[in-house]
Amino acid sequence: MTDRYASFVQSGAGRALVKRLGLPDPPRLRRHTPGDPLLPGPVLLGAATGGRLAGPVTALLTAAGVDVRTGTGATPPAAGHDVSVADGPAGPAGGDERAGNGGAPAGSGTPARFGALVYDATGITDSTGLRQLYDFFHPQARSVLPSGRVIVLGTPPAGCGSPREATAQRALEGLTRSIGKEFGRGVTAQLVYVTPDGDAGTATSLEATLRFLLSGRSAYVSGQVVRVGTGPAAAPADWDRPLAGQVVLVTGAARGIGAAVARVLARDGAQVVALDVPAAGDALAAVVNAIGGTAVQLDLTTADAPTRLADHLADRHGRVDVVVHNAGITRDRTLGRMDADRWDAVLDVNLSSQERINDVLLERGLIPQGGRLVAVSSIAGIAGNRGQTNYATSKAGVIGLVDALAPALAGRGISVNAVAPGFIETRLTARIPLVIREAGRRMNSLAQGGLPVDVAETIGWLAWPASAAVSGNVVRVCGQSLLGA
Ligand code: NAD
């Protein structure tokens, strides 16, 4: 459904009125179209003294066609390092606007404007070193272009060498979350923790993560913490088709978010097996006909669904590289008024059926080394929601499933992640009463609801073979909603 207020604000007359009255000002977000450059302007890259990632990040961004500048406007740091190796800093910490000329011609006097600010904070080993963040970001607070990006790279606190280092690295989260709330104009901010014990998979998944976060694919993702570990990640031949040759199952694909996931994954090169209930057969057929996929009409809650699905995947494809557990239902009532059928139906579709399917696919070895499971949770599973005890329980359970399965399947090279959508413009949210709907739409850093494609792009990134070293993450696609923040 359309957000009429956002359309009005984005018109000239609307903008003036909104500014005068101090009303929410939803910006037009930059979204991905194949062939787009990663960013609308250069990257300003900074590093704390002793950072280990600036070199490899410069190399991979430059190879991706990004114009990388350092704080002095000098030559970028030496390229070609492996992320597992400790590198020197990118150049003097604390770039400033006087020296860094960003998108402006040298000596033009035009203020610098950047598509993104990327800061390697891995060199910060105690709280006094956090001052380097201020020195870098303070002069650049107004230099980021609309729908630009801020990315801070750190070391996961659990992987730090001392309590002081762990403390300082944990502090980074406060900076990125605040920048996400402060910069406005569609600018998003994220923290990416990269393991210090990396392998080749770490480097590939760091590249995949940066490509996702810098691009318009991550339009509605902000204030998130992503962890890049180790795993059998493989770079694609073509980053515009990062799922080429992959067999992907998407449940609940007849409409809404699931249909968008099927379309985005097919656009990115996947062979999509789209599943939905028999009653949604016509809508499902329309989706698969449009993308050249295949349809499976199956109610996931029936006793023989896991074996029938496994038989289908084994017979037709011999494997399934990615499973996207998207099918979900709501049956809202406050707990005192909720009958047991509502509780059972929601828990069964949203959680138990995923477990049964995972069990059978894993037992039969249909998910190969490097395979990926991506589940759809919800911010209701993080924050809870009145009238949704059943739904929130099921969606918190999905997070529990990620926490438990990610380490359990690491040895088989299978990654497990979830997305947690916030307010997404679908039939589900169109049914919410007007006042509550408006509050849900505006109570986030981007002052608007997300689109199904925003969830689909995030699932797509987690589904890429290049993302296999990203596991155990729950990534909110909520525009940095205040709920559960
Ligand atoms: P939707 O109702 O439009 O689509 C869900 C699909 O799942 C439907 O096509 C439905 O037929 C299918 N499905 C339901 N039960 C099934 C079963 N037993 N077997 C097979 N298929 C079944 O919902 P949506 O808004 O697109 O949501 C998709 C997912 O995203 C759900 O898991 C939902 O909980 C989650 N989510 C949505 C939002 C939002 O704002 N729309 C927010 C947070 C989370």
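Me: Where is Asn390 found?

Reply: Asn390 is in helix H12. Keep in mind that this is a predicted model.

Me: Buried or exposed, Asn390?

Reply: Asn390 counts as buried, because its relative accessibility is 0% and the cut-off for buried is under 20%.

Me: What does the side chain of Asn390 reach?

Reply: The backbone oxygen of Arg331, at 2.9 Å from the side chain of Asn390.

Me: Which residues does Asn390 touch, leaving out those up to four places away in sequence?

Reply: Asn390 touches Arg331, Met338, Arg342, Trp343, Val346 and Leu347.

Me: OK, on to the ligand. How many residues surround it, and which are the closest?

Reply: The ligand is surrounded by 28 residues. Arg255, Ile257, Asp276, Asn326 and Tyr391 are the closest.

Me: Which helices and strands each supply at least two residues of that shell?

Reply: Helix H7 (256-267), strand E8 (271-276), helix H12 (389-410) and helix H13 (427-430). Helix H12 is also where Asn390 is found.

Me: What is the make-up of the shell by class?

Reply: There are 14 nonpolar residues, ten polar and four charged.

Me: And how far is the polar side-chain atom of Asp276 from an oxygen atom of the ligand?

Reply: That distance is 2.6 Å. A backbone N or O atom of Asn326 lies 2.7 Å from a ligand oxygen, and a polar backbone atom of Ile424 is 3.1 Å from an oxygen atom of the ligand.

Me: How much of the ligand does the protein bury?

Reply: The protein buries 93% of the 830 Å² that the ligand exposes when taken alone.

Me: Changing topic. How many disulfides does the count come to?

Reply: Zero disulfides.

Me: What about Cys160 and Cys478, buried or exposed?

Reply: Cys160 is buried, with a relative accessible area of 15%. Cys478 counts as buried too, at 1% relative accessibility.

Me: Next, backbone angles. What is phi of Arg185?

Reply: Phi of Arg185 is near 55°, which is positive in a residue other than glycine. Arg185 sits in the loop between helix H5 (163-182) and strand E5 (188-194), and at 35% relative accessibility it counts as partly exposed.

Me: And what about Gln480?

Reply: Gln480 also has a positive phi, about 60°, although it is not a glycine. Its place is in the segment after strand E13 (474-477). Gln480 is buried, with a relative accessible area of 5%.

Me: Now the start of the chain. Where is Ser7 found?

Reply: Ser7 is in helix H1, residues 4-9. Ser7 is partly exposed, with a relative accessible area of 46%.

Me: Last thing, the whole protein. How many helices and strands are there, and what share of residues is buried?

Reply: The protein has 15 helices and 13 strands. Of its 485 residues, 56% count as buried.

Me: What about contacts and surface?

Reply: Taking contacts between residues at least 6 apart in sequence, 75% join residues at least 24 apart. The protein exposes about 19000 Å², and carbon and sulfur atoms supply 54% of that.

Conventions:
Residues are numbered from 1 along each chain as its sequence is written. This is a predicted model: local features need pLDDT of at least 70, side-chain atom pairs count only at pLDDT 80 or more; totals for chains, interfaces and linings use all residues. Side-chain values use heavy atoms; hydrogens and water are left out. Helices (H or I, at least four residues) and strands (E, at least two) are DSSP runs, numbered from the N terminus. Buried means under 20% relative accessible area, exposed over 50%, partly exposed in between (1.4 Å probe, protein chains only). Contact means heavy atoms within 4.5 Å. Accessible areas come from the Shrake-Rupley method with a 1.4 Å probe; for residues, only the protein chains shown count as cover. A residue is near a molecule or strand if one of its heavy atoms lies within 4 Å of it. A polar contact is a pair of N or O atoms within 3.5 Å; within protein, one must be able to donate a hydrogen and the other to accept it, and residues adjacent in sequence count only if both atoms are side-chain atoms. Ala, Val, Leu, Ile, Met, Phe, Trp, Tyr, Cys and Pro count as nonpolar, Asp, Glu, Lys and Arg as charged, and the others, Gly among them, as polar. A disulfide is a pair of cysteine sulfur atoms within 2.5 Å.
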